[in-house]
Amino acid sequence: MSRLVVISNRIGDPRKVAAGGLAVALGDALASRGGLWFGWSGKIIEGGATGEGDLHQQRAGNVDLVTIDLSRDDHDAYYTGYSNQALWPAFHYRLDLADFGSGFFAGYQRVNRLFARKLAPLLRDDDIIWVHDYHLIPLASELRALGCRQRIGFFLHIPLPPPPILAAIPGHEWLMRSFFAYDLVGLQTNADADHFSRFLIDEAHAERLPDGRFRAYGSTMRAQAFPIGIDVDEFRGLAESPESRETEATLKAQYAHRRLLVGIDRLDYSKGLPRRLKAFRELLANYPENRNSATLIQIASPTRESVDAYADIRRELESLAGEINGNYGELAWMPIRYMHRTWARKRLPGLYRAACVALVTPLRDGMNLVAKEYVAMQDEDNPGVLVLSRFAGAAEQMREALLVNPYDIPATAQTIQRALQMPLAERRERHAALLKTIREYDVHAWRRDFLRVLDETVEPGAPPAAA
C-alpha cells in the first residue's frame with residue numbers, strides 16, 4: 001500500500017486525545033498506511049528578514065511528523081496576510097473586509113515554494129499526497145515544478161464562493177491554474193462544488209469531462225464534494241472524562257430551574273455572533289416568558305487578534321452582551337454568559353449535554369462541526385434542539401435541524417422560541433434522523449471516500465501550464 005503524505009498549515013499529533021477528530025482520523029490513515037505529516041511548526045523566527053527556518057522531525061509509530069519554522073516576514077505575509085486577510089474573507093463572501101496588501105501575495109507564493117522545496121526530498125515515488133486548505137492552494141504546482149509526479153489531492157475546509165466573488169480576487173487566474181496541478185479537489189458541499197465547476201468553465205474555459213473531471217491549462221483534474229464529519233464514538237467517549245462529567249453536573253445544578261442555550265464559536269466575523277445576540281435580545285423582548293428563565297452561554301474563542309476586523313467584532317460583542325444583561329438581567333439571573341476564551345475539548349461534551357438548544361448560526365461556514373458534536377452528545381430519550389444557519393455547510397446534510405436565515409433577526413428569534421417549546425416526540429424524531437446522518441457520514445467515511453477516489457486516479461496530474 002502506498003504511503004500517505006499529509007500537508008497542512010499546522011499538524012496534529014494523533015497520539016493526543018485533545019487533538020480532535022480530524023487529527024485522529026488523519027492519524028489513523030497515516031498509521032495504517034505508514035506516512036508523513038508536514039506543516040508549519042508554529043514557531044516564528046524573529047529578526048525581520050525572510051529566510052529558511054529549521055526543519056524538525058519526530059517519529060510517532062510508523063508516522064513521521066515534520067515541521068518547519070517560519071521567519072516573521074514570511075509568517076506575516078503568508079499566514080496573517082494573504083491567507084487570513086485576503087483569501088479567508090473573500091472565500092467567506094466578505095470582499096469588503098479583504099486586504100490584498102502589498103507583499104501578501106509574494107509571501108504566500110514564497111512560503112508555498114519553501115514548503116515544496118523542503119518536502120520534495122522526503123517524498124517517495126509511490127506516495128499519495130493530500131494537501132489541506134486555503135493556505136496551500138499552490139503547493140501542488142510548486143511540487144510539480146520540482147518534478148513530483150505522485151498523485152496529489154487537495155481538500156478545501158472553508159466554503160468556496162460563487163464565480164463573481166472568486167473573479168474579484170486579484171490573481172484569481174493564477175489560483176485557478178494552481179488547482180489543475182492536483183488530481184482531485186475536494187469541497188465541503190455540493191453547492192461549493194457547483195460554484196467551483198461554474199468558475200472553471202466560465203473563467204478558465206475548462207472542458208467538462210465525465211465523472212466530475214475538468215480539463216484546462218493542459219491538465220485534467222477531478223472535483224467533487226466530500227462533506228467532512230466527526231468521529232461520533234470518539235467524541236461521545238469524551239463525555240466519560242472527569243472534566244466533562246464535572247461540567248455537566250455543575251451546569252445542571254446551577255441552571256436546574258432554567259433552560260440553557262449554548263453557542264460555541266471562534267471569534268470570527270463569519271460566525272454571525274452579533275446577529276445571534278440580537279436574536280436572543282429579540283427573544284427576550286417578544287417572548288417575556290423567557291426572562292429569568294433562559295440563559296445563553298456564548299463561548300467565543302480568541303483568534304487572529306492582531307487583525308483589526310477581529311478586534312472590532314470583539315468590542316461589538318462585549319457591548320451587546322453588556323447591554324442585554326443590563327436591560328434584562330436580575331440579581332439572580334444574567335441572560336447571557338459571554339466568555340472570550342478557549343474551553344478545553346474534554347469539557348465540551350458536558351456543556352452540550354446540559355444545553356436544551358444549540359445556536360449554530362454562522363453567516364457562512366464550510367461545514368461547522370459544532371452542529372454535529374451537539375447532536376452526537378444529546379440524550380436520545382430527551383434530546384436538545386439544533387438551530388442551524390442555512391448558510392452553514394452542515395445544513396446541506398442536517399435538514400432535520402431548525403434551519404434559519406441569520407440575517408433575519410426576528411425570524412431567528414421566533415425559531416429559537418419554537419426550539420424552546422418543541423414537544424418531546426418531535427425532538428426525538430428530529431434527533432434520531434440527525435444522529436443517523438452524522439454516523440453515516442462521519443470523519444472516517446470522509447477520509448475513506450476521498451482517498452478511495454484519489455487512489456482510483458489512473459493518471460497522476462501533469463504540471464499546469466506556465467502562469
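Predicted model: local features only at pLDDT ≥ 70, side-chain atom pairs only at ≥ 80, totals over all residues.
D133 sits in the loop that runs between strand 5 (128-132) and helix 4 (139-145), and its phi is near 80 degrees, a positive value in a residue other than glycine.

- Most residues other than glycine have a negative phi.
- D133, whose phi is near 80 degrees, has a relative accessible area of 11% and is therefore buried, since buried means under 20%.
- H205 is likewise a residue other than glycine with a positive phi, here near 55 degrees, and it is found in the loop between helix 7 (190-202) and strand 8 (207-208).
- H205 has a relative accessibility of 66% and so counts as exposed, the cut-off for that class being over 50%.

- An open sheet is formed by 10 strands, which follow the order 3-4-2-1-5-6-7-10-9-8 with mixed pairing.
- Strand 3 (52-60) and strand 8 are at the edges, and because each has a single partner strand, one side of each is left without a neighbour in the sheet.
- Strand 8 pairs with strand 9 (residues 213-216) in the antiparallel sense, over two bridges, and R208 stands opposite F214 in strand 9.
- Helix 7 lies across strand 7 (184-187), strand 8, strand 9 and strand 10 (219-225), and it runs at about 155 degrees to strand 10.

**Helix 2 against helix 3**

- Two packed helices are described by the angle between their axes and the distance between the axes.
- Helix 2 (residues 72-91) packs with helix 3 (residues 104-119) at an angle of about 115 degrees, and their axes are 8 Å apart; helix 2 passes helix 3 in a left-handed crossing.
- Among the residues that make this contact are D73, A77, Y78 and L87 of helix 2, together with F104, Y108, R110 and F115 of helix 3.
- Sorted by class, the contact of helix 2 with helix 3 has nine nonpolar, five polar and four charged residues.

**I336 in strand 13**

- I336 belongs to strand 13 (residues 336-339) and, at 3% relative accessibility, counts as buried.
- When neighbours within four places in sequence are left aside, I336 is in contact with L277, F280, L296, A321, I324 and N325.
- I336 and H157 are 179 residues apart in sequence, and in space they are 31 Å apart, C-alpha to C-alpha.

Terms used: Residues numbered from 1 in each chain as written. Heavy atoms only, no water. Axes fitted to C-alpha atoms, helices over the stretch in contact; angles between N-to-C directions. Helix = DSSP H or I, 4+ residues; strand = E, 2+ residues; numbered from the N terminus. Left-handed = near helix turned anticlockwise from the far one by under 90°. Contact = heavy atoms within 4.5 Å. Nonpolar A, V, L, I, M, F, W, Y, C, P; charged D, E, K, R; others polar. Buried < 20%, exposed > 50% of the residue type's maximum accessible area, 1.4 Å probe, protein only. Pairing = 2+ DSSP bridges.
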